[in-house]
Amino acid sequence: MAPQRRGAPRDAQGSGAAERRRPSSTRKDRVPGEVRKPWLKALGLGTGLALAGLLLCSHLGTDDSVAEVLAHRGEVLTGRFTEVPCSDDYDSHRRFEGCTPRKCGRGVTDVVISREEAERIRSVAEKGLSLGGSDGGASILDLHSGALSFGKHFVNLYRYFGDKVQSIFSEEDFQLYRTDAQTAHDEYWHAHVDKVAYGSFDYTSLLYLSDYLEDFGGGRFVFMEDGANKTVEPRAGRVSFFTSGSENLHRVEKVRWGTRYAITIAFTCNPDHAIEDPTLM
């Protein structure tokens, strides 16, 4: 879970060992055949929480004044999908027939979860992040690995706070957070490619837990393209999804005010990178 805030930096409250960071001709507005929870289960083998904020290469098409909005905050989309040509990033990794992308693109839907469910998940994020927070950039909470931003470092939530964690979270919180699928920088505003940053990524999705222009300003998701960028305006409960290669170079605008909550859910086709869901015990 990666909220980005605009405000004065926190004082570091201690140090901790850095933990493992977890890891364009178009055919527009096609509605996928099935855009529901089974889509999330079918694409990959796991889920990891962390904004893929690793930095990459140049600022291709960084003029945000030249942009097309793929999904406005006020829209409620059953499904909107744009196909883009696949990059060759997948060729340098082991391919898994029937799973590794052969057709690439990006999509948005508002029917995977309800706004009420999004609010409940956001409350889980707020509980965990109340224990720490970054001195700058995105604050990251990863319930799978236990990684939590703490000042200028990461600590392991479960080891650092011990039994106190059970007074912060409930088993119902973890049940809400878990999914049937299982897988595996703060400067989120830099352009990057998930497949290059994390070789195990094949598909990426983001679940938004707060509303653009209501809970925060700035912070739109931007697909970087030569000539005209494509943006997604977050709204609570909206899911944005895309193949993870260079065909979907992207970044997030700097948050200008308020707090932006989002969960990054990454899917892999490689069973060697599968991970178990987190538990309190």
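This is a predicted model: local features need pLDDT of at least 70, side-chain atom pairs count only at pLDDT 80 or more; totals for chains, interfaces and linings use all residues.

Biologist: What is the strand order in the open sheet of 3 strands?

Modeller: The order is β6-β7-β8, and the pairing is mixed. β6 (133-134) and β8 (153-156) are the edge strands, each pairing on one side only.

Biologist: How do β6 and β7 run, parallel or antiparallel?

Modeller: They run parallel, with 2 bridges joining β6 to β7, residues 147-151.

Biologist: And which residue is the bridge partner of Ser134 in β7?

Modeller: Gly151 is the partner of Ser134 there.

Biologist: Switching to charges. How many salt bridges are there?

Modeller: The count is 15. In one of them, the side chains of Asp110 and Arg238 meet at 2.8 Å, N to O.

Biologist: Is that Asp110 buried or exposed?

Modeller: Asp110 has 10% relative accessibility, so it counts as buried, the cut-off being under 20%. Arg238 is at 0%, so it counts as buried as well.

Biologist: What does Arg122 pair with?

Modeller: Arg122 forms a salt bridge with Asp215, and their closest N and O atoms are 3.7 Å apart. Asp215 counts as partly exposed because its relative accessibility is 26%.

Biologist: And which residue forms a salt bridge with Lys195?

Modeller: Asp202 does, with 2.9 Å between the closest N and O atoms. Both Lys195 and Asp202 are buried.

Note on methods:
Residues are numbered from 1 along each chain as its sequence is written. Side-chain values use heavy atoms; hydrogens and water are left out. Two strands pair if DSSP finds at least two bridges between them. Helices (H or I, at least four residues) and strands (E, at least two) are DSSP runs, numbered from the N terminus. A salt bridge is a side-chain nitrogen of Lys or Arg within 4 Å of a carboxyl oxygen of Asp or Glu. Buried means under 20% relative accessible area, exposed over 50%, partly exposed in between (1.4 Å probe, protein chains only).
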